[in-house]
Amino acid sequence: MTGRSDLAVELKSEIRENEGIVTDTEKKGILTVTRIKVTNETGSRNLKKPIGNYINIDIPDLLYHGGDYIELENTLISELKRLSFKNNNFLVAGLGNRNITPDALGPAVAERILATRHISPYLKVQTGLTELKNVSVIQPGVLGQTGVETVEILKGVINVCGAECLIIIDSFAAASEKRLGTTVQICDSGISPGSGVGNDRKEISENTVGIPVIAIGVPTCLDAAVLSNCSQTGKKAPMIVTPREIDLLIDRASAVISNAVNCFLQPDTDRQILLSIV
């Protein structure tokens, strides 16, 4: 495989089935769900990923597949439930830089997440939304904007709001152009912010923030070396490649992910009410 990849399904294709890695693939209509479980240090070394669960949902291209995405949203919800914890206080963090389109997925999703921690019990009763779970939402920006590592910001917010689970959304990098806009990955092992644009920062995981972490992302770019002779000469091009219609990709991906996350976080609230609020 040429070029870096954040996708476990791409990394898995390069190694044999072995001790420490368990793979399960399921067809769900037009979708293909590949679940990869890294169970020990041997599997972690081979896959070059931390121990944990990695779920890749292969989808019709978000750029060109029009119409209803309800099947994808429902699959995202069901796969999130596989990784979920019995918590009532969540923090959702949209990572990335809103001013750089390939890195804007996190902020775009965060803008559509229903924040509820500030809603008083009285107001919940008055609005008929008594079953709402506490959700806080943050767009922590990037180190170049804030001067603070994202993991440090999140640790502070977690401490203040008492979150029991962190859901992070970020742009990912792929090793194949065929993966751009055609895969959603969910994992429970954490991530390194900025990986999608080749600017890895400090890890965000349960080990670093103290609470379970679920990460969701879509590949929005790949290393330019993948499409150039640099991969053959051994020289690395200091560039990334992203689809021409990246704005459309971010808009559609953020809508699908935010709808799924809102419904996952608020399972006792009518879906149509959630969609109308956000």
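# Close-up views of a predicted model

**Figure 1. Strand 6 in its surroundings.** In this predicted model, strand 6 is largely enclosed by the rest of the structure, because 10 of its 10 residues are buried. Strand 4 and strand 6 run parallel and are joined by five bridges. Within strand 6, Ile167 is the residue that stands opposite Val92. Strand 6 also runs parallel to strand 8 (residues 213-223), and nine bridges join these two strands. Here Ala174 has Leu222 of strand 8 as its bridge partner.

**Figure 2. The nonpolar cores.** The largest nonpolar core comprises 44 residues, and those with the most contacts inside it are Ile57, Ile167, Ile186 and Ile216. Helix 10 supplies the largest share of this core, 11 residues. Apart from this core lies another, of 32 residues, which includes Leu47, Cys161, Ala174 and Ala215. In soluble globular proteins, nonpolar side chains tend to be buried together.

**Figure 3. The surroundings of Ile57.** Ile57 is among the residues with the most contacts inside the largest nonpolar core. When neighbours within four places in sequence are left aside, the contacts of Ile57 include Leu31, Thr32 and Val33.

Figure 4. Thr182 is placed in the loop between strand 6 (165-174) and strand 7 (183-187). Thr182 counts as buried because its relative accessibility is 13%, under the 20% limit. Although Thr182 and Pro60 are 122 residues apart in sequence, their C-alpha atoms are 6.0 Å apart in space. Neighbours within four places in sequence aside, Thr182 is in contact with Ile57, Asp58, Ile59 and Asp61. The side chain of Thr182 also reaches the backbone oxygen of Lys178, at 2.7 Å.

Figure 5. The 14 residues of helix 3 should span 20 Å at 1.5 Å a residue, and the end C-alpha atoms are 20 Å apart, which agrees. An α-helix has 3.6 residues a turn, so residues three or four places apart point the same way.

**Figure 6. Asn259 and Glu73.** Asn259 is located in helix 10 (residues 246-265). Asn259 counts as buried, since its relative accessibility is 17%. Leaving aside neighbours within four places in sequence, Asn259 is in contact with Glu73 and Leu275.

**Figure 7. The salt bridge between Arg82 and Glu79.** Nine salt bridges are found in a search of the whole structure. One of them joins Arg82 to Glu79, with the closest N and O atoms 3.3 Å apart. Both Arg82 and Glu79 belong to helix 3 (residues 70-83), where they lie three residues apart, about one turn of the helix. Arg82 is exposed, as its relative accessible area is 54%, whereas Glu79 counts as buried at 1% relative accessibility.

**Figure 8. The salt bridge between Glu111 and Arg98.** Glu111 and Arg98 form a salt bridge in which the closest N and O atoms are 3.3 Å apart. This pair links distant parts of the chain, 13 residues apart. Glu111 lies in the loop between helix 4 (105-110) and helix 5 (121-127), and Arg98 in the loop between strand 4 (89-94) and helix 4. Arg98 is partly exposed, with a relative accessible area of 41%.

Figure 9. A salt bridge joins the side chains of Glu245 and Arg244, at 3.7 Å from N to O. Glu245 counts as partly exposed at 22% relative accessibility, and Arg244 as exposed at 76%.

Technical notes
Residues numbered from 1 in each chain as written. Predicted model: local features only at pLDDT ≥ 70, side-chain atom pairs only at ≥ 80, totals over all residues. Heavy atoms only, no water. Salt bridge = Lys/Arg side-chain N within 4 Å of Asp/Glu carboxyl O. Helix = DSSP H or I, 4+ residues; strand = E, 2+ residues; numbered from the N terminus. Buried < 20%, exposed > 50% of the residue type's maximum accessible area, 1.4 Å probe, protein only. Expected span 1.5 Å × (residues − 1). Contact = heavy atoms within 4.5 Å. Polar contact = N/O pair within 3.5 Å; in protein donor to acceptor, adjacent residues only side chain to side chain. Core = buried A, V, L, I, M, F, W, Y, C linked by side-chain atoms within 4.5 Å. Pairing = 2+ DSSP bridges.
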